[in-house]
Amino acid sequence: MRYDVIIIGAGVAGLYAAVNLPKNKKVLIINKRETFKCNSFYAQGGVALAKDEEDIPLHIKDTLDAGDGLCDEKAVEVLSKNSKAAIDNIIDLGFEFDTNEDGSLAYTKEAAHSTSRILHAGGDATGRYLHHFLLSLNPHPMFGQTRVVDLLIKDGKCHGVTILEDRELRNIYAKNVIIASGGIGSLYEYHTNAPTISADMQGLCVIKGIELEHMEMTQFHPTVFVQNSFAQKVLLTEALRGEGATIEDEYGKRFLFEYDERGELASRDIVSKSIYDYTQKTGYKVYLNMRNFDFKYFINRFPNIYKNLQDLGFNVPVQKVPISPAFHYSIGGIKTDLNGAVPSVKNLYAIGEVASVKVHGANRLASNSLLEGLVFAKEAVKDILEHFHEQKDDEFIEFDIENDIMSLKDDKEKKNKLREIMWKYVSIVRTKKGLSEAKEQINALLNEKIGKLLKLRLLTAKEIVESALAREESIGVHTIHNEEN
């Protein structure tokens, strides 16, 4: 089986790349599970953009400020300057964002944005609506229930992938491979990610010697209900605070102003660390208070949050909801250039959350994630098409299949152990001692008899820990404490 382009992952980044690849190209999308089990589907907040020429410098500044000095300014310029064109394109294709009564686009504001520039669809279901829309436009075939377990690389060039389908391994060849597989959520005990997000591709890159960068930059969302029984916890979007919801302790005190003059509208790294510090010092529980919302407005603006919390027994927006930070987004990832190309491997690309184009720096600005997926998917496709004529059919190389054992009986228990390790030692606040303990325990698991899929997770986790140990200073989402506990 030979293709022009293989796309690994069917979230917004992967699907938008597919939509932009012409029908006359032989393209295959490979999706691990059901199409909706991706982070894009669960994105609530919306899509940020520079809404006009005057807003571009402000959007760039807000993104750079949130990124705390680690953003690539050129990448941020690409993101912002191409943002309106990307949004206009999907609107032209037929996508409908929420509008005001007069029919104009309904821009809203979120934390750390200097103006209202966030577009939503379906209230708090932007990711779901956008994902479904792009899926409906996709003109190319898709393999579901299929996992990529190897990249076929020789002499610095990617020739395809090995897939696991119905417990059988086989190679699929391609002139170009785009990795759009998402983040690392399942490495953590508490996270907001889709259940399929298991950090496989990052670990595979470690094996292949493909550079990962800024892996220590793991973003924790401050307002998550974590007391449900599922691995995926209930995200309470940034937009709630952007529109007036408050964070309080069990006595009604809005304590965030003791940490930042912006209070609830500070960037999510500051809010998460403030909640952590406050609960550690006081022992108090923390809640999200949504009583400022009119009931009718709330159920129309946040229909999914309303339903989810009602199902959990909360009478919202009247009743306060207990919250905790939880892992939300992987800022670092596979190192790419501004075209999404992996510098060390020809014909290999990475886009979306799995990639590090350094647009987010040390802390992602709210609602820039879906935008990144759209903008850099388009840049990757443009680069592929510009170089397509250089790729000759007679360069075909056949690879042997590596018949690794994918999983063993005890792997599930070890996966849960890894989640505990990562949450305890590699979450919101870290210490050198704790990180060293995490590394030691992860190495011990790697030395046990395990399947390849668990090995990939462990290698990704180890990369995060080693990156965290290498960074001496607290910056953005990465907070290191010196005390020995």
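This is a predicted model: local features need pLDDT of at least 70, side-chain atom pairs count only at pLDDT 80 or more; totals for chains, interfaces and linings use all residues.
Close-up 1. Residues are numbered from 1 along each chain as its sequence is written, and side-chain values use heavy atoms, with hydrogens and water left out. Helix α5 covers residues 83–92 and α12 covers residues 369–387; they pack at about 85°, and their axes are 9 Å apart. Axes here are lines fitted to C-alpha atoms, for helices over the stretch in contact, and angles run from 0 to 180 degrees between N-to-C directions. Angles of 65 to 115 degrees count as roughly perpendicular, under 35 as roughly parallel, over 145 as roughly antiparallel, and the rest as oblique. Helices (H or I, at least four residues) and strands (E, at least two) are DSSP runs, numbered from the N terminus. On the α5 side, Ser83, Ala86, Ile87 and Ile90 meet Leu371, Leu374 and Val375 of α12; contact means heavy atoms within 4.5 Å. Sorted by class, that contact has six nonpolar residues, one polar and no charged ones. For this sorting, Ala, Val, Leu, Ile, Met, Phe, Trp, Tyr, Cys and Pro count as nonpolar, Asp, Glu, Lys and Arg as charged, and the others, Gly among them, as polar.

**Close-up 2. Helix α4 packs on α12 too.** Helix α4 (residues 73–81) meets α12 at an angle of about 95°, with the axes 9 Å apart, so α4 and α12 are roughly perpendicular to each other. Ala75, Val78 and Leu79 come from α4, and they touch Leu371, Glu372, Val375, Phe376 and Glu379 of α12. By class, there are six nonpolar, no polar and two charged residues in the contact of α4 with α12.

**Close-up 3. Asp383 is a buried residue in α12.** Asp383 sits in helix α12, and its relative accessibility is 9%, so it counts as buried. The cut-offs are under 20% relative accessible area for buried, over 50% for exposed, and partly exposed in between (1.4 Å probe, protein chains only). Leaving out residues up to four places away in sequence, Asp383 touches Asn339 and Tyr349.

**Close-up 4. Phe388 lies in the loop between α12 and α13.** With a relative accessible area of 14%, Phe388 is buried. Residues up to four places away in sequence aside, Phe388 touches Asp4, Lys25, Lys175 and Asn176. Phe388 and Arg262 are 126 residues apart in sequence, and their C-alpha atoms are 49 Å apart in space.

**Close-up 5. Helix α14 has its buried residues on one face.** Gly434, Leu435, Ala438, Gln441, Ile442, Leu445 and Leu446 are buried in α14. Looking down the axis of α14, these buried residues fall within an arc of 145°, so they line one face of the helix; the arc is that of the directions from the helix axis to the C-beta atoms. What they pack against is α13 (411–425), β19 (430–431), α15 (452–470) and β20 (480–481).

**Close-up 6. Helix α7 packs against several strands and α15.** In α7 (residues 200–208), the buried residues are Asp200, Met201, Gln202, Gly203, Leu204 and Cys205. They pack against β1 (2–8), β6 (146–154), β8 (168–179), β9 (212–213), β16 (333–335) and α15. After α7 comes Gly209, with a positive phi near 75°.

**Close-up 7. Thr237 is buried in a loop between β11 and α8.** Thr237 has its place between β11 (234–235) and α8 (238–242), and at 3% relative accessibility it counts as buried. Neighbours within four places in sequence aside, Thr237 is in contact with Gln44, Gly45, His221, Phe302 and Ile305.

Close-up 8. Most residues other than glycine have a negative phi, and most peptide bonds are trans. Val316 and Pro317 are joined by a cis peptide bond, with omega about 10°; Pro317 is in the loop between α11 (303–311) and β14 (321–322). Gln145, not a glycine, has a positive phi of about 55°. Gln145 lies in the loop between β5 (142–143) and β6 and counts as partly exposed at 46% relative accessibility. Arg167, also not a glycine, has a positive phi of about 65°. Arg167 is in the loop between β7 (157–165) and β8, and at 84% relative accessibility it counts as exposed.
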